[in-house]
Every structure is written in C-alpha cells, then in structure tokens.
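Subject: Structure for you to look at

Hello,

Here is the structure I said I would pass on. Please open it first and keep it beside you while you read the notes below.

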Protein chains: 2
Amino acid sequence: MNKIVIFGVGLIGGSLAIAIRQAHPAVEIVGLGRDGELLHAATELGVIDRTAASIAEAMQDADLVVIATPVAQIRAILQAITPHLQAHTIVTDVGSTKSDVLAYARQALPADYRGFVAGHPIAGAEKTGVTAARDGLFHHKHVVLTPDAHTSAQALQSVQSLWESAGAKVVCMSAQQHDAIFAAVSHLPHLLAFALVNELASRDNQVELFRFAASGFRDFTRIAGSSPEMWRDITLANRSALLAELDAYQKQLRQLQTLIEHQDSAGLLAMFEHASQARNTWAESLQSQ
Amino acid sequence: MNKIVIFGVGLIGGSLAIAIRQAHPAVEIVGLGRDGELLHAATELGVIDRTAASIAEAMQDADLVVIATPVAQIRAILQAITPHLQAHTIVTDVGSTKSDVLAYARQALPADYRGFVAGHPIAGAEKTGVTAARDGLFHHKHVVLTPDAHTSAQALQSVQSLWESAGAKVVCMSAQQHDAIFAAVSHLPHLLAFALVNELASRDNQVELFRFAASGFRDFTRIAGSSPEMWRDITLANRSALLAELDAYQKQLRQLQTLIEHQDSAGLLAMFEHASQARNTWAESLQSQ
C-alpha cells in the first residue's frame, strides 16, 4: 500500500493512522473531514501527512479509504467517493452498526464494485478527538468485519491484515449477527443508562438524589455521559435489534417485579446469584487476558 | 465514652473501629459476630481490643453499640441485646434500608428506651471483610441518620459526633425519605444491572455475547457482581419504594420504545442530551469536591 485516505481523524481514525504509520512507515496518510482545525491539529501532531484540497484529489491512486466519521455521515461519504473510486481501491468503515452501512454501500457504490469491507473496532474510550488518539488503542481488541456477498476475499484479507498490524484480533460474522450482539452488550446498556439518568434528572428532588448517588451509580451511569448525537444515530440505525432487546429486558423487569411483589426470597436470590456469578466469571476472564 | 461494642467487624464495622480508635484512643472496643475466625483476625489486626464470651458480658457498661452486620441480622441482634440494655447505652446501625430497621427497633426495644439512632454510611467498596477495613473510609462521605419520635436528641448528638470524628458528613432525614432516595440512586440501579446480566447469561449465545462486551458493559454491570444475599435483603426490605421506582423506570423504557418505533430523531436526541448533561454535570461536581 502506498496511499491511505482517512475520513474523520478523531480517536479511532487518528489511532488507526498512528498504527498504520508504525507498521507501514512509507505509506502516505491523507486525512479528510468537516473540521479544518481538527485536520490542522492532526497534521501538526504528525498523525496524518496532509489533508487534501478535494475528495477527487484525495481519492486519486488511493489504495485504501477508511471512513471513521460518525455513523450518520457514512452514507454521504460513500456517495461522495463513488465517482472517484478506482477498481483497486478498498473501502472500509468503523461504524458501530453494520446492516445499515452495508445497505448504504449497496445503494451508493457501483454494482460491480467488490472492495467494500464493513468493520467495527471494539475500542471505545471516554475521551474523543485526535488529541486522544494513541498508539496501542487496538492492541488485543476485537475488530469485527462483516463481509457480504459483494465483498471480495482479497479486499477482506487486506482490511484484516491492516487491523492485525494494529494489534487487533479480527473476527468475521454477518452484519445481522453483529448488530444483534451489539444491541445486547452495548446499545441496550447505553439506553438503560440514559433512561435512568433521564428519569432522575426529571424529578423535583433531583439535587437531593444526585447528592446521595455514590460509586455504584457513577459506574452504572458512566455510559450515559456519552455523545447524544452518536447514540441517537446508533439507536436509529439498529432500531429493530434494539426493540427486540428492550422487549426481552422489560420481560426481565416484570419477572423481577413479580418476585418482589410475592416477596419471593429464594427467587430473588437465584436471579441475583445467576447474574453475579456470570458477571464475576466474565470480569475474571478479562483480567486473565 | 469508655466502651463500644461492634456487631459485625467487616469493612464498615472494622473501618469505624479504626476511626474510633484514632479519635478516642482510650475507648475499649469489643467485637462480636458469627464468624470466630473473622473476630480473631480483627483482634490480631488491632481493629478491636477483644471479643466477648457472651452478649451479656459485652453489653455490661457499654456506652455505644454499633450493629454493622448484614441487614437481615439486625432484627435478631436487637432482640438479643434488649435484655442487657442499660438506659444510658446508645444503639446505632449501618444498614442500607431504614424503615424496616426502625420498625424492628420499635418491636424489640423497651417502649421507654430513647437511645436508638438508625444510620447509613454511604461508603461502600468493592472489597468486603475486615482485611479491607481502613482508616479514612468515611472521610468526606455522607452518613444519613434517620431519628424518629422515639430518638432522644442526646443519642442523636452522640452518634452524629461519632461519625463526624471519623471524618463523615452527617445528614438527618426521615427513614421514609432515606429509603425513597436510595431506592432511586442505589437499589434500582443494582436491580437493573442484575436484570441485564441475568438476561444475557440466560441465552444460548451467552459465550459470544460476553466475548464482545467491552468497557461500557464492564462499568455498567460492575454492581451486578455484588453480594446476592445482601441485595436480596435490601430488595425485600425496601420493596415498596423499589416497586414504585421500577414502575417509573418502565414508563421511561416505554417512552423510549415509542421514540424508536416512530424513528423520532429529535425526541431521542433530547432525551439523550438531557441525560448526558445531567450525568456529566454531576460527575464534574464530584471531581471538584
């Protein structure tokens, strides 16, 4: 590879640029984005080599295009790059939902194009922006790739190698499977945390409530401090899987309500033990990695 | 004060003993509990001066009794100490729910006794047991005291001074108000976390789900790793406030479902922004303390 174009040089795009430069020092990295100051900062920091005057100029002879913008911009970027797309150019993204991105790609990209590889690195962090970008963000992290019938094996292999050179563990699955898994382990928890804080912050005694909230509340609601725009986009993009998760979760809450109403001590203990054991087993497996 | 008796020398009871010894080096601290090994360890560590052969012997000339056992044992301990209670002896507890404890106290203690002061230090920690006990656990932490019509001002003042000498900030309110606040900011979040982990751990693909769970899930579910017995007891003790909280929360989830079904982008953004701003404002206020 000689030239890589990255749309959106924030935490993920910037950290990937840093990893690419370590693995492939000769590659030219061109950054694009809506925020001129951010691109200037990324250039000053040496995260990218340069920005470009136009999408046409950036796309010229590009080997790989990484779309690392918020999910809501992916569709427009796919449309904007299509007129300038060369057959050998591979395109990938880092969006948190994958079925919608594959649908956009099918609409925007040429019917005979085989170079699109949808992807999702599982590496968030509380900080965002290029100043938070760092080497090693993807070390030992999962990256899910969701190739479909339009994806060539060669394109898939190239994107897989790129992430592996950044230290990540690549897993392939269908977009539908990806979206169902992340609805359960990421998107639903975010909605639950937003809903709790929204509920408490709507009350007359919210000052008193927050005054007595302690470390358990702090950890539980940490994800409720996440970007509202990003989570609006993810929620809408993955709405069918999320509605199914919300149904299942409400069923759990109704079971819990029944146990409490019946003062079912053994039933409550069994539920809490099941959850506590599963959670602690999982947390121990993380520490031993 | 010359003699203090502590039932349950774990994290809270042990840390309070350490704080008392710092503030009042001459006071004799007697520890009692069901676990002989734990009491031996507490004596070896110097957390308590000694244990006692019987409750009668421990209670003899005690100025203060602190019940720092799990909530489910408080009732039995109140019954056990009542025959040995002297008029000047003050009794307090550290349970996470207060209406039930006050009801037990009224049942068990003599009708003319004015020395019971129900309390709840807001200082949990992930570790438990006397080996986790430490000086400073209560520094700048809230302690809620819930006196009622049977509590003398003198007893309240003594317990307040005790906690203040341990570095805590004492707040007084009714037991009902306490239980409503902690249902919202502590007990409900625990139930929500237990319910989520229970749901995911009940599925056929749980191994895959947990494999892709990341740091957001880790923080959100940290409280689902808490003691099942303790949370069964708290849930049952505070069931009416918790059922009200579960109702309010399910109403939030139904509103969220409606927003998603209608693909109401502005409505979702408003809800997430409200939550995110409230959460971040609160988190910043913690850091500036």
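Is Phe272(B) buried or exposed? Phe272(B) is buried, because its relative accessibility is 0%. Please keep in mind that this is a predicted model, and that the values in this email are computed from it.

The two chains

Chain A can be laid on chain B by a rotation of 180 degrees with 0.0 Å of shift along the axis, and the RMSD is then 0.1 Å. The two copies are therefore related as by a two-fold rotation axis. Within chain A, the residue that comes closest to this axis is Phe220(A), whose C-alpha lies at 2.0 Å from it. Of the interface residues of chain A, 100% are also interface residues in chain B, so the copies meet through the same surface.

The C-alpha trace spans about 70 × 40 × 40 Å along its principal axes. Chain A has 289 residues, and 56% of them are buried. Among contacts in chain A with a separation of 6 or more, 74% are between residues 24 or more positions apart.

Aromatic pairs

A pair of aromatic rings is described by the distance of the centres and the angle of the planes. Over all chains, the count is 13 aromatic pairs. One of them is formed by Phe194(A) and Phe272(B), which are stacked, with 4.4 Å from centre to centre and 15 degrees between the planes. Phe194(A) belongs to helix H7 (residues 175-201) of chain A and Phe272(B) to helix H12 (residues 265-287) of chain B, so this pair joins two chains.

Phe210(A) and Phe217(A) make another kind of pair, edge-to-face, with 6.0 Å from centre to centre and 70 degrees between the planes. Phe210(A) counts as buried because its relative accessibility is 9%, and Phe217(A) counts as buried because its value is 2%. Together with Trp282(B), Phe210(A) and Phe217(A) form one aromatic cluster.

The nonpolar core

In soluble globular proteins, nonpolar side chains tend to be buried together. Here the largest nonpolar core has 86 residues. Which of its residues touch the most other members? They are Val185(A), Tyr249(A), Leu253(A), Val185(B), Tyr249(B) and Leu253(B).

Val185(A) is placed in helix H7 of chain A. It is buried, because its relative accessibility is 3%. Leaving aside residues up to four places away in sequence, Val185(A) touches Leu200(B), Leu209(B), Phe212(B), Ala213(B) and Phe217(B). Ser215(A) is 30 residues from Val185(A) along the chain, and the C-alpha atoms of the two are separated by 22 Å.

Tyr249(B) is another of these residues. With residues up to four places away in sequence again not counted, Tyr249(B) touches residues of chain A, including Leu192(A), Ala195(A) and Tyr249(A), as well as Leu188(B) and Leu192(B).

Strands in chain B

An open sheet of 6 strands in chain B has the order E3-E2-E1-E4-E5-E6, with parallel pairing. Strand E3 (50-51) and strand E6 (116-117) stand at the edges with a single partner strand each, so one side of each has no neighbour in the sheet. Within this sheet, strand E1 (residues 3-7) and strand E4 (residues 64-67) of chain B pair in the parallel sense over 4 bridges. There, Ile6(B) stands opposite Val66(B) in E4(B).

Strand E8 (residues 142-145) of chain B is the other one to look at. Strand E7 (residues 119-121) of chain B is joined to E8(B) by 3 bridges, and the two run antiparallel. Pro121(B) has Val143(B) in E8(B) as its bridge partner. E8(B) also pairs with strand E9 (residues 169-172) of chain B, in the parallel sense and over 4 bridges. In that pairing, Val143(B) stands opposite Val170(B). Helix H6 (residues 153-165) of chain B, with E8(B) and E9(B), makes a right-handed β-α-β unit.

In a regular strand the side chains alternate between the two faces of the sheet. For E8(B), His142(B) and Val144(B) lie on one side, Val143(B) and Leu145(B) on the other, and all are buried, which leaves both faces covered.

Regards

Definitions and conventions: Residues are numbered from 1 along each chain as its sequence is written. Chains are lettered from A and ligands numbered from 1 in the order in which they are written. This is a predicted model: local features need pLDDT of at least 70, side-chain atom pairs count only at pLDDT 80 or more; totals for chains, interfaces and linings use all residues. Side-chain values use heavy atoms; hydrogens and water are left out. Rings of Phe, Tyr and Trp (its six-membered ring) pair if their centres lie within 6.5 Å; planes under 30 degrees apart count as stacked, over 60 as edge-to-face and the rest as tilted. Buried means under 20% relative accessible area, exposed over 50%, partly exposed in between (1.4 Å probe, protein chains only). A nonpolar core is a set of buried Ala, Val, Leu, Ile, Met, Phe, Trp, Tyr and Cys residues joined through side-chain atoms within 4.5 Å. Contact means heavy atoms within 4.5 Å. Copies are superposed by least squares on the C-alpha atoms of residues with pLDDT of at least 70 in both. Two strands pair if DSSP finds at least two bridges between them. A crossover is right-handed if, with the strands pointing away from the viewer, the path from the first strand over the helix to the second runs clockwise.
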